[in-house]
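These notebook entries record what I looked up, entry by entry. I begin with the surface and then turn to charged pairs and a pocket.

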Amino acid sequence: MYFSFLQIIKQLPFIRLIIPFIVGISLQIGISYTFDYYLLFAVLLIILLFIEFIKYNNRRYKLRFISGISINLLFLITGAWLVQVNTNDVFEYYEKEIIAEVLLSEQPVEKEKSFKTFAEINKLILNDSIYGSDKKIVIYFEKDSFAKKLNYGDKIIFKSRINEIKTSGNPYEFDYKQFLFRKGIVGQIYLRSANWKRTAEEQANSVFAFANKARNYLANIYRNNNIEGNEFAVLQALTLGDKSEIDEDVRQSYVASGAMHILAVSGLHVGIIYVLFNFFFRFFDKLKTKNYAYGKVLKAAILIIILWSFAIISGLSPSVSRAATMFTFVIIGRAMKRKINIYNSLAASAFILLLINPYQITNVGFQLSYAAVFAIVYFQPRILKIFVIKNKVIYYIWSLTAVSIAAQIGTIPITLFYFHVFPWYFMLTNIIVIPVATLIIYLAVALLLTSFIPAVSSFFAYILNLCIQFLNNSVSVIESLPYSFSENISFNTSDLIFSSLLVILFAAFISYKQVKTIYNILLILIIWLSCNTFSKAHNNSNNKLFVYNIKDISAINIIGEKNYLITSKNSFNKNTIKYGPLSNWQHLNKTNYIPVNISDSVYISNSIVKYKNFILSNSKKILIINNETQIRFQGNDKFNIDYIIISGNPEIKIKEVLELFNTETIIFDSSNKYYSVKEWEIECKNLNQNYHSVIDNGAFSKKLQ
């Protein structure tokens, strides 16, 4: 099996090159090692010379494995170096009043209380000095008639302070700051109407400016043909890649039914466009001379232009860019009459995209797209052969089902790791949504092409509206079915690794059908189950204290055998849970929680006792000081407390607290006012008292042993 596998790999050069390349990128992102450029290029040069030396002095090439190792090392170092090149420098002007000229790099989007957009700083003025910059920031404009007229490419000048993007620091929560930083966005700012002025219009990159105008023009065609509400929002997402207007209930229906992937313009949509226009222009294949089939080359050029035009209009998102790149490789290969290996094409497209931006490897969409396509290419033909079906309609339904099953096999580890959700009716969903989504895209193209003929375009718009209504109703019905999806599934890094290994071994078994592979699968399963059992026992035996960072809310969490959330009465709802402790609970497999009011006196369990604002857990003593705390002691001895949590912005002085208690750490939770916390921090520094500000430093966590 392994020999056959190596033989296959040798025929796929981009697969061999991209593996060490991705390893280098991943290691650099995780370790953040700073390369000395001269040393880097010296190492690369030595590796290249060593490869040539081995080749020249070994005609039989007995030591070719050394050359192979050297080449892999070369691509590994190149991947790591690319990450360093694409990493932003530290921004030096936070919290300083500056005058800045910026270029709006996205069309402003209307929010509840503002207009949000991204902008690139051209230059800034600080202390009468002018500095150049290429950093990007998030801008929130105060809602008014002037902000509403802003467009992509406009230049504005403002006077204000750029703030650092804060992250909650809650365990395992999505790191929005890191996500933006990897896209070159280093700060955020809220601009009131009096603090900014537009100085020029539409000064941005002409390609993207055209794309923005085209998107607006096409969206207006939809509106002018009476496509509105949820139908318009879904159609705009399907064809223009804009999901900003999708209602939260509609979004949830698509997520729960397993159809969310069709709302993100990606390989599915690019593939539909490719199939449609490849069919339209098939007559070009007949154009040829005696020695040269110029028609195929001409068709290839037209198809590539169409695909990339669609990609530009869709906003050149990573998903549509990688799909267009992959299909470009396929189109060129077919035009050159070369047999296309889809695995090599996929690897080549990924290689090029990662060369442009190595941080795409951290993008969930990037990971899901490639996992899905690799799985579909490999598993779908094999699944299709399980049943021999002669009826064309039933065969079509089974082929769609096979695509859905294959995609789920490839993506389930990644989906569970990031989203902790699994839609059980995904096969039923895809049998319905993929044909309907395909029809919607074709009808949308027909509507856009006939928009100048009102009678014809109205007909297409009417049918289009019906199709989108059917699509929305279908996913809503599937979501409402009993047990339509499981959520809050605990799935950690180790689960991701073990499940991915199982998928690979399963693929190997299908190809080679060796008993040894079954033994390996069973071995991986045993190790996986053992690790999970040990982890669960370890988590249950050790109580952990968490103080979460949730704006204006006190959220104290003790997790051991059970999960106790100590907070103010009625301060939590579904969204506060979702954007606060939920990620941590999913990681620890403790999503069922017991709410406890801060002021209650309860005996929680054998290892946890709570009396009013005092908590005893595994011999660790915790005191919550808030506006309801009343403490009186007699005598001169201080009371020893391991952790003091100050909550609810009480009017206290740290000196007064330390006159009563000896404590390891004072914790200021996120229910306190920012300026009060700053005053307490100064007091702690003056008194040499250890402290932790949840607002400034993120959530606090500690084992209670």
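Entry 1: I looked up Val515 and found it exposed, at 53% relative accessibility (buried means under 20% relative accessible area, exposed over 50%, partly exposed in between, with a 1.4 Å probe and protein chains only). The model is a predicted one, in which local features need pLDDT of at least 70 and side-chain atom pairs count only at pLDDT 80 or more, while totals for chains, interfaces and linings use all residues. Residues are numbered from 1 along each chain as its sequence is written, and side-chain values use heavy atoms, with hydrogens and water left out.

I placed Val515 in helix α19 (residues 515–541); helices (H or I, at least four residues) and strands (E, at least two) are DSSP runs, numbered from the N terminus. With Ile518, Tyr519, Leu522 and Leu525, Val515 makes a nonpolar surface patch of about 460 Å². Such patches take residues with over 30% relative accessible area and no salt bridge, joining like charges within 9 Å and nonpolar side chains (Val, Leu, Ile, Met, Phe, Trp, Tyr) within 5 Å. The areas come from the Shrake-Rupley method with a 1.4 Å probe, and for residues only the protein chains shown count as cover.

**Entry 2: salt bridges.** I counted 10 salt bridges, each a side-chain nitrogen of Lys or Arg within 4 Å of a carboxyl oxygen of Asp or Glu. Lys177 and Glu164 form one at 2.6 Å, N to O. Lys177 lies in helix α6 (residues 176–181) and Glu164 in strand β7 (residues 163–164), so this pair ties together parts 13 residues apart in sequence. I noted Lys177 as partly exposed at 29%, and Glu164 as partly exposed at 29%.

Arg251 and Glu248 form a salt bridge at 4.0 Å, N to O. Both are in helix α9 (residues 248–257), 3 residues apart, and are therefore separated by about one helical turn. Arg251 is partly exposed at 24%, as is Glu248 at 49%. Shared partners join Asp154, Arg198 and Glu201 into one salt-bridge network. Within it, I read 3.7 Å, N to O, for Arg198 and Glu201.

**Entry 3: the second largest pocket.** I recorded a volume of about 1,000 Å³, the space filled by probe spheres set on grid points joined across faces, edges and corners. A pocket here is an open set of points on a 1 Å grid over the protein atoms alone, where a 1.4 Å probe fits, with protein on both sides within 12 Å along at least five of seven lines; lining residues have an atom within 4 Å of a point. Of its 28 lining residues, Lys166, Gln188, Lys551, Tyr674 and Ile695 are the closest to the centre. Strand β8 gives the most to this lining, with 3 residues.
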